[in-house]
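Grab a pencil and work through these exercises with the structure open beside you. Try each task before you peek at the solution.

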Amino acid sequence: MRNQRYIEPEDPTPLWKKLFDLDELEALLQASARAGLPISYSEILDSLGFAFSRPKMRALCVALGEVDRRAKKKKQPELAVLVVRASDKIPGQGWWVNREDENYKGPWEGPKAEKYIKAIQQKAFAYWKDR
């Protein structure tokens, strides 16, 4: 008869919940909005004390979605749009995939995308400017 080893069940807590405090992330994004500046994925990870890695970036993207869900409930402008790629100052694919905007069906890169992003960012900048 073989010995049966007991294996601890894996912690079911999603990675983003283990890594990120939503209140801290939200405050960082609100500060970015007050300053009128977007923030890159690597800058936000660094500000939260993490080195850039793909798994952390994916977890960050999920957490950003949660921040936007909270903002929507409070009737505040979205904040995840402020987190952009350093290369072109546009959010990554994950942000676009989760969009529910019937008014924009354009490209996810280039001048049209940049104009669309800037308009959404301006709403956040205006809302948080004096708060």
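**Exercise 1. Find where Arg58 sits, and decide whether Arg58 is buried or exposed.**

Step 1: Arg58 has its place in helix 4. Helices here are DSSP runs of H or I with at least four residues, strands are runs of E with at least two, and both are numbered from the N terminus.

Step 2: Next come the cut-offs: buried is under 20% relative accessible area, exposed is over 50%, and partly exposed is in between, using a 1.4 Å probe and protein chains only.

Step 3: Arg58 has 52% relative accessibility, so Arg58 counts as exposed.

Step 4: For a landmark, look at Leu15: the C-alpha atoms of Arg58 and Leu15 are 9.3 Å apart, although 43 residues separate them along the chain.

A quick word on the model: it is predicted, so local features need pLDDT of at least 70 and side-chain atom pairs count only at pLDDT 80 or more, while totals for chains, interfaces and linings use all residues. Residues are numbered from 1 along each chain as its sequence is written, and side-chain values use heavy atoms, with hydrogens and water left out.

**Exercise 2. Describe helix 4: its span, its start and its buried residues.**

Step 1: Helix 4 covers residues 54–73, which is 20 residues.

Step 2: Just after the helix, Lys75 takes a positive phi of about 60 degrees.

Step 3: The buried residues of helix 4 include Met57, Leu60, Leu64 and Val67. Among the elements covering the buried residues are helix 1 (15–19), helix 2 (22–35) and strand 2 (83–84).

**Exercise 3. Work out which residues Gln121 is in contact with, leaving aside its neighbours within four places in sequence.**

Step 1: Locate Gln121 in helix 6, residues 111–128.

Step 2: Check accessibility: Gln121 has a relative accessible area of 4%, so Gln121 is buried.

Step 3: Contact means heavy atoms within 4.5 Å. On that basis, Gln121 touches Pro38, Val81, Leu82 and Val84.

Step 4: Zoom in on Val81: its backbone oxygen lies 3.1 Å from a polar atom of the Gln121 side chain.

Terms used
The expected span of a helix is 1.5 Å times one less than its number of residues. A polar contact is a pair of N or O atoms within 3.5 Å; within protein, one must be able to donate a hydrogen and the other to accept it, and residues adjacent in sequence count only if both atoms are side-chain atoms.
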